[in-house]
Amino acid sequence: MAPAAPAAVAPVVVTATQASVVRVVAADARAVRAGIRVGMTLAEARASLPSVPSVSSVSSVSSRASVPSVRSVPSLVARPHDPAADRAALESLAVWADRFSPYVHLEGDDTLLLDVSGCHRLFPDEETLLRRVVDGVGELGYAARGALADTPGAAWALAHAHPADQIVAAPGRTAAALAPLPVGALRVEPGILAALGALGVETIEALLHLPRASLGARFGDDLLYRLDQALGDEPEVLTPFRPTAVLRSGLRIGRPTDRHDVLCEAVERTLACFCEQLERRVAGVRQLFVTFHCPELRPITLELNVSRATRSVRHLRSLLTGGLDNLQLPTGAAGVTLWARRVEPLDGWQDELFETGRADGEDLAELIDRLSNRLGPSAVVRPLPVSDHQPERAFEYVPLIGRGTRGAKVGTRSVELEGRSAGIGAQGSEREARNAELGTRSAGRGTRGAGVLLPASHFSLRPLRLLPRPVEVSVIAVVPEGPPSCFDWKGSREVIVDCAGPERLETGWWRGRHVRRDYFRAACRSGRGCWLFRQRETGQWFVHGWFD
Amino acid sequence: MSQAPVTRVNGGVARDDRLRQLRAMLERYQHRRRGGTRPVVPTGLARLDRALPNGGLPGGAVTEILSHLDGAGGTTLALRAAVAAAQSGRAVAVVDAGGDFYPPAMWRLGMQVDRLLVIRVSRPEEVVWAVDQCLRCSAVAAVVAPIRRLDAAASRRLQLAAESGGGLGILLRPDTGRRHSFAAVQMRVEPVPVEAPGSVALQDRGLGAAGVDGWESAGLQGGVIEGRCESVRRGGMGPSHSAPRLCRVTLMKVREGTPVEPFVIGLDDETGVEPLLPVPDHRPAERPQRSDRRISA
């Protein structure tokens, strides 16, 4: 997947550092003609070129080197390999290939698999279909090879190993088409290839002549699996690529700076451009990254999460400004990039003309965003009921933004409320979805809609303030296992005049440590209401909360 | 000089009129400054609502609840008011600065699960910032936050934030004596001590004596509740109905209202219904005496 080099004089190679040796991982046609092969070290590649002094500027072909240097010798242009850019290019091709088939699958680093079952009817014949795909990719500036076969495995093998650039295997003749190809076309590991090569098995035809039973025993199931996939005996599922459509917009700052106002201005301009792109796509973002590119340092990235998808410049700007205030750049930044991993459709969104007239739901969502982004996602939460007798575990906090944390946190305990209570009852993933819905419901437009109101009888009588951990107190009880009559709290004695209980709470053995407590609601002579329990194993007393 | 005797003759009436006029002017001025009338949020506690002007806590304003003891009843008052405010369909934010807020108890008060937002911060400046942000948001009906220290500037800022957002701001603050505040309402909440004169003697009286309907007839005698001790014995063991807690509320500052005498509110954690208490208006003479006792006790 090497982009065809622009009309440059010098041959271009892409290099990567492997075990402290710089090797060529891709070379353009001019370089190949000069004898450069993939796998050479850069020094070998340079040596294989005739040393003709040429006057070419590096910056004319490299987008990375920003300094236009007119060095005298660059007869070979070496560019560092950027796998992320490769991937992005492949993904953009996948989006483009969507016009041929709804099922476009990304295979490995360099291959797109298109499921064209049924699609060929839209074209005169299969050859035309394949030609349009391959030529289309070529028009986009990439060198491409294509093959069309009955199975994804066979198409992969033909595209990679067949001498022709475009090849269509006739229906039902897959095995015959594959037979002359080398075994390397089967997508098996290099170790297996080496073992096969040692046995003199070079082609798939030779492989098919070997007894099947011994193949599995000698080379593992993977070889058989790949072989069966190519021949169609083993199904291969293609997962359609969803265009995550990484959206980004960036700005280069002429001279690296850490001046706050300059950075703010740069971010604002980038944001305006970014939101314009979103508007064009009728989409919004829930997560946004701001990367500051500092020379000679790793880029610094700020993450911004919002509770519901948005493309409001005003809102995002107010959130970003907060992040910029706390930003510490060791050196100046030379560029700013705003990017998002995913965008969400945002239909029916009213772009703002004035700052007024927003609905409550939007207001609340923006509030949650502001709070979460300054205080952290785990600080802004919604409590949800959990069916558990142990008071500390009768609820859980669910962050209102950031799906990742929500997914990680939820899922060990189960909520089982009666179905009538607007149905917060489900388990596993369904429950997670429900949580997400709960999390967004009030943030969404349905703020005035049906709320989730559980009847008071659903909850046991509990104090409004529960100490984060119970505090041990010394208690005097008239009867050893009976209600307490007084206890010491912070240096003074609280005499209990009224006591209700015990409410005996126990937890199951499968939860680890047993919790076996007798709770008492105590009214003190001072007029305060206290919630105490006696640990039944040890007889110790603890204050657990206050009816404040 | 010739007018002086006239003024003196009508002194009482004229002064009253003048005061009323001034009060009305002040009220009009304050209304205008806050952009018209704000809705009043009844707390659901009849005794408290009666003491507050217009029958409830003022929306778009900050209410401070001062209390110096755990278990005094301040949190209950605050959260009940917040639940009442949430009836408007908007959200309620609770700032959990101490890590001791217990949501199930608030659901029990009638809070809707999906309208409750908890903000877990502990650093004082972050607490104030979070309260400020919530108050400014018109989608938040009430904010409840314990705030330990609040300087005058921050207090003013929060009040202005509440006025712009229209929500109810309830700050739970430690009671460290009276001081200036920009809050619209400032009230002190303290538990009413239960006098147990000779609890041994009560025990001797046994269950029989508790047959009296102890609670309804409970009298306020010098701020001390008898009859509550009766329910001790009546309650006995087992998860039975216990007597409501009592707290005394002193309205220290009420904007647009006249301060009233301290009064006692009953909080029944079990039923959530405000118990009937004898209206203390029948015994106006006892009030100074009561406060004396409290100080000596």
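## Charges over rings

A charge sits over a ring if NZ of Lys or CZ of Arg is within 6 Å of the ring centre and within 35 degrees of the ring normal. In this predicted model, A:Arg374 lies over the face of B:Trp129, at 4.4 Å from the ring centre. Within chain A, the charged end of A:Arg517 is placed over the ring of A:Phe533, 4.3 Å from its centre.

## How to read the model

Residues are numbered from 1 along each chain as its sequence is written, and chains are lettered from A in the order in which they are written. Local features need pLDDT of at least 70, side-chain atom pairs count only at pLDDT 80 or more, totals for chains, interfaces and linings use all residues, and side-chain values use heavy atoms, with hydrogens and water left out.

Here pLDDT is the predictor's confidence in each residue, from 0 to 100. Chain A has a mean pLDDT of 77, with 81% of its residues at 70 or more. Over residues 403-450 of chain A the pLDDT is below 50. Where pLDDT is low, the predicted coordinates should not be read in detail.

## Aromatic pairs

Let's turn to the rings. The whole structure holds 11 aromatic pairs over all chains; rings of Phe, Tyr and Trp (its six-membered ring) pair if their centres lie within 6.5 Å, and planes under 30 degrees apart count as stacked, over 60 as edge-to-face and the rest as tilted. A:Phe289 and A:Trp339 are stacked, because their ring centres are 4.4 Å apart and their planes are at 20°. This pair links distant parts of the chain, 50 residues apart: A:Phe289 is in strand β9 and A:Trp339 in strand β11 of chain A (strands are DSSP runs of E, at least two residues, and helices runs of H or I, at least four, numbered from the N terminus). A:Phe289 is buried at 6% relative accessibility (buried means under 20% relative accessible area, exposed over 50%, partly exposed in between, with a 1.4 Å probe and protein chains only). A:Trp339 is also buried, at 18%.

A:Phe520 and A:Trp541 form a tilted pair, 5.5 Å centre to centre with 40° between the planes. Both of these residues are buried. Ring pairs also join A:Tyr519, A:Trp531, A:Phe533 and A:Phe542 into a cluster.

## Cysteines and chain B

B:Cys134 is buried, at 1% relative accessibility.

Chain B has 10 helices and 12 strands, and 53% of its 297 residues count as buried.

Conventions
Contact means heavy atoms within 4.5 Å.
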